[in-house]
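Here are some friendly notes to read alongside the structure. Please keep the 3D view open as you go through the points.

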Amino acid sequence: MAYCLIVDDEPDIRTLVALFMKREGVPTLEAADLAEAREQLERHGEAIDLCLADMRLPDGNGLDLVDEIRHRRPDLPVAMITAHGQVEAAVRALKAGAFDFINKPIEQDTLRRLLRDARNLQAAQPKTNAPTETNGSASPLIGQSRAMRQLREMIGRLARSQAPIFIQGESGTGKELVAREIHAHSSRAGGPFVPVNCGAIPSELIESELFGHHKGSFTGATRDKPGLFRAAEGGTLFLDEIAELPLPLQVSLLRVLQERRVRPVGGTEEVPIDVRIVSASHQDLNQAVTDGRFRQDLFFRLNVIGLRVPPLRERLDDLPALAAAILGRLAARDQRPVPGIDPAVLQTLTSQTFPGNVRELENLLERAMALTDGEWITDQAMAPHPMMTAEDESGSALGACPGFIPKTDEQHDVLAALQQTRWNRSEAARRLGMTLRQLRYRLQKWGVE
């Protein structure tokens, strides 16, 4: 790394950071206000590889510097220095394009992490461009529709930052795949990617799963457990279906995001963590906030940068490429030649709405492959099989419990919703007006899996 530019009107802060950088072998440049910072940037230009700037400067706001650098040197990471507890200021900085932020009083461990991330970002610079899906690329985000090109471009931009990202998308659109791409193109690519489905963990265990616990802290805690936050140390923690978190846990998560520390269940001391948070939900979190099911302050903290994943019906131009990729993957798994797909089948598929999105398309093609012995997927293979009953096709074939007979109105309504959504539990729960956890509880109680 060449120079680190330190912009702060407090000489003690500049000296502290400069001494640390010197020990790490990084020469520094200093500026006491915006005018001096602009002068240093003009004089040294490309030789500056990192900038630390205070939010409040004598002649303006540090965010002005972020905006100028973003337009003149988009590859230069800028970290903002904020007063302790100024969460809103930190969020504004990240939204403005800051690489990261650090709180006063500045700790050496925080500077060490910041410098590491900046160096990793430089080393990964060729990778941080927008991932592309071309003949010469292995990007798992398939398609050349306008929506997918914009999505890949956004991933390339967001990967450079350490800001929390919230991914909004319907079930089956590939939100986890997008989160993995953000991680793979970030400065944290060498660290772990830890996915967590918040709706799949029982509410009484989720605190222990996320934050860890000490031996003996509750019945069954026979040993210390670090928790998923610490398992993601140096990498990315992906919190899927974040809207399913119980309200008490939302309070704990908010504190973790603000303090960057976790307290294991049964523990008395907080442990510092170094993770980037990417969260996702198929639900409208704004509506969840209005309904009182999700804390507004937590949403504000998670949704520093929002990213929408388009549903399949908005990018039907990608169907041929998606179908070819899915068939290739299924054929490799089954060790059989890749079948072709009849143009008439593609025409039929483009007329569907796909409430289950790409996951539904994959289910349809997997069934068609199982019914195809020849070299082509035809309309006949995609049509309902004559040996299947309507109940089998809408329920058992997609994972229902054979032989289950609904006895109550609620059971009839739940199974009808599941059949209408091709056994897409998240979408069925939304239509029924219940949470995914509530739906899973009912299915488990009824023996329907």
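1. Just after helix α19, Gly433 takes a positive phi of about 75°. Bear in mind, here and below, that this is a predicted model. The helix itself spans residues 425-432, and Ser426, Glu427, Ala428 and Ala429 are buried in it. Among the elements that cover these buried residues are α18 (409-420) and α20 (436-446).

2. Gln335 has a positive phi of about 55° although it is not a glycine. You will find Gln335 in the loop that links α13 (319-334) with β15 (340-341). Gln335 is exposed, as its relative accessible area is 76%.

3. Asn357 is the other one: its phi is near 60°, again a positive value in a residue that is not glycine. Asn357 belongs to helix α15, which covers residues 357-370. Is Asn357 buried or exposed? With 0% relative accessibility, Asn357 counts as buried.

4. Do stop at the peptide bond from Lys104 to Pro105, which is cis, with omega near -5°. Pro105 sits in the loop that runs between β7 (100-104) and α5 (108-123).

5. Next comes a sheet. Five strands form an open sheet in the order β9-β10-β13-β8-β14, and their pairing is parallel. β9 (193-197) and β14 (305-308) are the edge strands; each has a single partner strand, so one side of each is left without a neighbour in the sheet. From one strand to the next, the twist averages 20°.

6. Strand β8 (residues 165-168) and strand β13 (residues 276-281) run parallel and are joined by four bridges. Phe166, for example, has Ser279 in β13 as its bridge partner. Helix α6 (residues 146-158) lies across β8, β13 and β14, and runs at about 155° to β14.

7. Finally, the cysteines. How many disulfides does the model have? The count comes to zero, taking a disulfide as a pair of cysteine sulfur atoms within 2.5 Å. Cys51 counts as buried, at 0% relative accessibility. Cys198 also counts as buried, with its relative accessibility at 0%.

Technical notes: Residues numbered from 1 in each chain as written. Predicted model: local features only at pLDDT ≥ 70, side-chain atom pairs only at ≥ 80, totals over all residues. Heavy atoms only, no water. Buried < 20%, exposed > 50% of the residue type's maximum accessible area, 1.4 Å probe, protein only. Helix = DSSP H or I, 4+ residues; strand = E, 2+ residues; numbered from the N terminus. Contact = heavy atoms within 4.5 Å. Pairing = 2+ DSSP bridges. Axes fitted to C-alpha atoms, helices over the stretch in contact; angles between N-to-C directions.
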